[in-house]
Amino acid sequence: MIEHFDPSQQAQEHIQTYAKDLGTPPPAAGAAMVRLEIDGVAIRVPEGTSVLRAAALADINIPKLCATDSLEAFGSCRLCAVQVEGRRGTPAACTTPVTEGMRVTTQNERLARLRRNVMELYISDHPLDCLTCPANGDCELQDMAGAVGLRQVRYGFEGENHLQATKDESNPYFTFDPSKCIVCSRCVRACEEVQGTFALTIDGRGFDSKVTAGQGEAFMDSDCVSCGACVQACPTATLMEKSVIDAGQPEHSVITTCAYCGVGCTFEAQMKGDQLVRMVPYKGGDANHGHSCVKGRFAFGYASHPDRLTTPMIRESIDQPWREVGWEEAIAFAAARLRAIQAEHGRESIGGITSSRCTNEETYLVQKLIRAAFGNNNTDTCARVCHSPTGYGLKTTLGESAGTQTFDSVMQADAIIVIGANPTDAHPVFGSLMRKRLRQGAKLIVADPRRIDLLKTPHLGEAQHLPLRPGTNVALINALGHVVVTEGLEDHDFIAKRCDSEAYRAWRDFIREPHHSPEASEAITGVPAEAVRQAARTYATAGNGAIYYGLGVTEHSQGSTMVMGIANLAMATGNLGREGVGVNPLRGQNNVQGSCDMGSFPHELPGYQHVADPVARGRFEAAWGVTLDHEPGLRIPNMFDAAIEGSFKALYVQGEDIAQSDPNTQHVEAALSSLECLIVQDIFLNETAKYAHVLLPGSSFLEKDGTFTNAERRINRVRRVMPPLAGKADWEITVELARALGYPMDYAHPSEIMDEIARLTPSFAGVSYAKLDERGSLQWPCNAEHPLGMPTLHELDFPIGRGRFAITEYVATEERASRRFPLLMTTGRILSQYNVGAQTRRTDNQAWHDEDVLELHPADAELRGIQDGDWLGITSRAGQTVLRARLSERMQPGVVYTTFHHPGSGANVITTDNSDWATNCPEYKVTAVQVEKVSRPSAWQQRFDAFDRAQRGYLAKAQQEATS
Ligand code: SF4
Ligand code: SF4
Ligand code: SF4
Ligand code: FES
């Protein structure tokens, strides 16, 4: 027996796992090792491994068709038949687990004959158009025909077959060609096991069986959410990307990170020359393990859209056409303007906004430019309008401004609370993982005004919906805390060992007060007291209780209070510091965690080091060679107010569309119009850019190197796939602007920026591109104490020593329903569009959502004589807009809902100036409105259209002049 392979060596396993399809998934971690022999080779693998996988790990490749390592074994094709000493017959290697001392034969004449017979049957019902098939060169059926040595098909091709079956081309991104289907059911299983949508079935029996979407519908009419898992799993050309059909098979690939949401999925960007042919989710991605959603998988066409800005432009005022100029002139123009304004109006009269869409390195450079070259702390980021309360609330209670777990931790959770988040739409790949755990039996509690899709998870076990009124989160979390304390459900051991006793006693006395009881708060929240009691018991007694929350928690006048209330509940029940528990903010944008980490806020240097801390500031001063301001600068809303009032005159905005994303649009427009110099660096002429004096064409994520940090604190590499369309990556533009301002920055590559970040930011001290390349990703803190990062926070203690319970008194928002504005409007996202939609609106994702609509309950509609599809005027104290009505039972009566993916919809024209007391995060989630049928766009929409037309005209004119 040759002792040549020991897959218990981790590194080897790691590399092999991602390099090839091992046929079946790995067994659960921690299993005992088993020894067996396959074709004379001695092998050691964990118990529960299939024979197919054990063989593949030892480079013995048993033919297979229905098995793939992302799916549980099914055993239908019989191609993987083997012989096992002492057993009768030819068991399927994919469904046969290894046993101690097993001796397996994978190759002999009998097995070869059997496999050839199987292949003959498949091939006799398969169009033999290999040379013109789009999968030519990437087809497992073709590979297996070769592997088994198929030389003839005795059954002929003339019998009954499926060769004339009609192709379904309804999905914008992939086709379904049933004539090529071998009914291996990999697609059906992928849709169930990986995605959790159950959109596909095998219809019929025997020869008549076929794959069907929904009830025999077209893919576009079925429940399919276009995640691509079935396309990924299909071994033939039956399910095929249209981009591959058009461009042909890719030639080379680069591993990079999705630039859409905070899940941070890793992809293989597969290329043909400089053309991106497809994005394939990478099995080695630590956040996604080979899964994807429609955005990252398919919606990459925006990167090469004709709307991309490719030349710098300048103008004197916003009512003038643009002039295309070279980089040097544009940068010199911007720098001269900034310096002139500071000379006239003072150092504080300018500022900048960093982007949560850009890389850590780029964000770091923008805040450095502002602090070191502008000489003030007027830096802020779009996290201001989403998760700034998370930073404040978690830092106050737990001592760290970040989620406590990995995504994978949810697989250990026994009870899951989801508050104000909609993971299946906004964080889809994590939503699929959560659904998997729910199918395994974890209990679900959803606190949300809407009945979100998670509650419709197929095969969902115990689930509760707490449909609270918008704006009453804190009353609900206090009621949950009240039940925990008064029913004796606390984890006294955890509290005694890990929490500050004085703060705990104060909180316990506070939360016990009768006005926090579920019975007393029912009148506020609208949630029946018994349901709240039940939810608290479920969470506190399940074993592992995990809380996931989103913008429905933070975007309130009490956003920070609610985050602290969540942390209180987790501490009181001991649900922190291990797998399966924790407090997890679901960050919206790809790098919102990173933009906060990188010092974007006016009061914090990178790594959340306060500007007033002389030691931290001194380190940055020494490294940057400047004296830094010790006073916090302006937040975004303060910048707007100061611009209108006249003391703030210039703004540099990198990759952020404040004119569309920030609340009270008319106020934002007034502020932007007041600026003497607005410099916008972006890939499109977005709404903010229409108010700009300098346009610097940015680069997409495909065009640069860097890192993004996802919602798990996971730092992932972004790798350049193609050259920047406008010639410069975003970090290079910031470097040049700094240089033109007389503050040289000297970096040859973004890795050097990361090295500087590591030197100055304790939680990043151990991060380098070399280590990221070696490990795939790292979760901060990554330093001398935790050289490989830290998947779970607070395992032994909190950064502030002991956890601090906070007092969280409920204070009703000023934004209430009244006779004039009787409905409460809340906002959110949908799966196919992303945030302000600048990217997804320039892709075929438009097929799913080409306009924002107002969802309202049929009872509210009937009261007002509104039918589905009617135009509705929606009026709030801040403004009015017009959207089409969509009647929906997902809403509770009295609550209406819309999205903000299309600029002309003006969702933020109606949101108000109310904001979180601690961080100024806007209260997007509660706006009192009235709706009525109307027949024309609002006055704002008419003004918007005219301004939009004029600005597009200026751009077109500049582009025409440049080419003539
Ligand atoms: S694309 Fe995703 S959701 Fe649609 S059928 Fe395939 S696996 Fe299911
Ligand atoms: S569509 Fe592809 S994955 Fe699905 S059954 Fe047919 S061949 Fe298998
Ligand atoms: S879940 Fe988020 S990160 Fe993953 S592919 Fe979708 S948009 Fe990209
Ligand atoms: S691969 Fe094992 S039965 Fe199909």
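This passage walks through a predicted protein model, from its overall dimensions down to single residues.

Local features are reported where pLDDT is at least 70 and side-chain atom pairs at pLDDT 80 or more, while totals for chains, interfaces and linings use all residues. Residues are numbered from 1 along each chain as its sequence is written, chains are lettered from A and ligands numbered from 1 in the order in which they are written, and side-chain values use heavy atoms, with hydrogens and water left out.

Let us begin with the whole molecule. The C-alpha trace spans about 90 × 80 × 65 Å along its principal axes. In secondary structure, 31 helices and 34 strands are found; these are DSSP runs numbered from the N terminus, with helices (H or I) of at least four residues and strands (E) of at least two.

Of the 964 residues, 63% are buried. Here buried means under 20% relative accessible area, exposed means over 50%, and partly exposed lies in between (1.4 Å probe, protein chains only). The accessible surface comes to about 34500 Å², and carbon and sulfur atoms hold 49% of it. Accessible areas come from the Shrake-Rupley method with a 1.4 Å probe, and for residues only the protein chains shown count as cover.

Strand E17 (residues 443-447) has four of its five residues buried. Strand E16 (residues 415-419) pairs with E17 in the parallel sense over five bridges, and Lys 443 in E17 is the bridge partner of Ala 415. E17 also pairs with strand E18 (residues 463-466), again in the parallel sense, over four bridges. In that pairing, Ala 447 has Leu 466 of E18 as its bridge partner.

Helix H11 (residues 388-397) is a further covered element: seven of its ten residues are buried, so the helix is largely enclosed by the rest of the structure. The buried residues of H11 include Ser 388, Pro 389, Gly 393 and Leu 394. Among the elements that cover them are strand E19 (545-549), helix H19 (551-554), helix H20 (559-572) and strand E20 (583-585). After H11 comes Gly 399, with a positive phi near 90°.

Some backbone details in the loops deserve a look as well. Trp 780 and Pro 781 are joined by a cis peptide bond, with omega about 5°. Pro 781 sits in the loop between strand E28 (777-779) and strand E29 (823-828). That loop between E28 and E29 also holds His 794, whose phi is positive, near 60°, although the residue is not glycine. His 794 is buried, at 3% relative accessibility. His 459, in the loop between E17 and E18, likewise has a positive phi near 60° in a residue other than glycine. His 459 is exposed, with a relative accessible area of 60%.

Notes. Pairing = 2+ DSSP bridges. Contact = heavy atoms within 4.5 Å.
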